[in-house]
Amino acid sequence: FTTRLGGTSKGQCGSLNFGFSRQDQQENILHAYTLAAEDLSTDLDHIVMTDQVHTTEIRQADTGIALGKECRPKLSGIDGLWTDKKGIALSATFADCVPVYLADPLGKRISLVHSGWKGTVGKISGKAVSILREHGTNPTDLVCVIGPSIPAKEYEVSSDVIEQFKEAFRPDEWEDIYIQTNKNHYQLDLWAAIYHTLIDAGVDAKNIHFSGVSTYENADILFSHRRSHGIRGNENAFLMMDECM
C-alpha cells in the first residue's frame, strides 16, 4: 500500500498520486506507476487496474488488460481482480475505502478488492472468496489483510446506509458494525463488516489481519477523501505473486 510521498505530483495530489481521475498531469501518474512497478520488480505491461465505481464486480486479470506503456486503465465497472498467474500485479486505488487483500499460498491464487460502503454491504470480499473457491481454493487456506482505510470513529453515515447493512448482516453482527451517535447518524465500522463477511465465507479468523492504519488520521502520509472534502490524490494497493510464492 503506497503513501502520498515520493512522487512528482503537485498541489492537492502532492506528491505521489495514483488516481487517474484527479487533477493531475499524466506524466506525474506515469511516474508514480513506474516507481511502483520498479518496487514490484515488474512493468506496466503486468499491472492491471480496477475501476473503483463501488460495484461488486470482480474480473480475472491478464496482461491483455494491463495498464501498458501508455499507462491507461482498460477496465470499467470492476472493483475487484483475481489471478492464478505469477507476475501479474493486481492494483486498486483508494482514499478512505478499504483495500482487501486475499492470498491462497497453497493454491497459488490471489485477489484484491476495493470495498467502499456499497461494496462492503454488497459483500464483495465474500464474492472474491467464492470465486477463488470455484477455482480450487479452500477458504481456510486464505490469508486476508484489511488494509489502510477510514476507521469507524471517523466514518459517520446516515440511517439509510445503516438500514442496508441491517438487511445484509445478521442481527448478532450489528453491534460490531455500527454505533448510533444520534437519531439519524451512525459510526460505521467497515473493517468489522468485512471481517464478518470473510468469516461467513469460510476464512479462518486467525488468517484475517488488520493493518489498523487510518487514512483519515495520517494526513502527512495518506490521502483521505473525507478529511480533504474530496480535494486530494489517491494511494494504491498492489498485490502480486512472485516466483517464491
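Q: How do the residues of the lining of the largest pocket divide into nonpolar, polar and charged?
A: Here Ala, Val, Leu, Ile, Met, Phe, Trp, Tyr, Cys and Pro count as nonpolar, Asp, Glu, Lys and Arg as charged, and the others, Gly among them, as polar. On that basis, the lining divides into ten nonpolar, ten polar and six charged.

Q: How is this model to be read?
A: This is a predicted model: local features need pLDDT of at least 70 and side-chain atom pairs pLDDT 80 or more, while totals for chains, interfaces and linings use all residues. Side-chain values use heavy atoms, leaving out hydrogens and water, and residues are numbered along each chain as its sequence is written, from 1.

Q: How much space lies in the largest pocket, and which residues are closest to its centre?
A: A pocket is an open set of points on a 1 Å grid over the protein atoms alone where a 1.4 Å probe fits, with protein on both sides within 12 Å along at least five of seven lines; lining residues have an atom within 4 Å of a point. Grid points are joined across faces, edges and corners, and the volume is the space filled by probe spheres set on them. The largest pocket holds about 490 Å³. Of its 26 lining residues, the closest to the centre are Gln 52, His 54, Cys 97, His 114 and Arg 232.

Q: Which elements give two or more residues to the lining of the largest pocket?
A: Helices (H or I, at least four residues) and strands (E, at least two) are DSSP runs, numbered from the N terminus. The chain has seven helices and twelve strands. Those giving two or more residues to this lining are strand S4 (89-94), helix H2 (117-121) and helix H7 (225-228).

Q: Which residues of helix H3 are buried?
A: Buried means under 20% relative accessible area with a 1.4 Å probe and protein chains only, exposed over 50%, and partly exposed in between. What covers the buried residues of H3 includes strand S5 (98-104), strand S6 (109-115) and helix H6 (190-200), where contact means heavy atoms within 4.5 Å. In H3 (residues 124-134), the buried ones are Ile 124, Ser 125, Gly 126, Ala 128, Val 129, Ile 131 and Leu 132.

Q: Is Lys 183 buried or exposed?
A: Lys 183 sits in the loop between strand S9 (178-180) and strand S10 (185-188). Its C-alpha atom is separated by 40 Å from that of Asp 24, 159 residues apart along the chain. With a relative accessible area of 71%, Lys 183 is exposed.

Q: What share of the 245 residues in the chain is buried?
A: The C-alpha trace spans about 50 × 45 × 30 Å along its principal axes. Within the chain, the buried share of the 245 residues is 52%.
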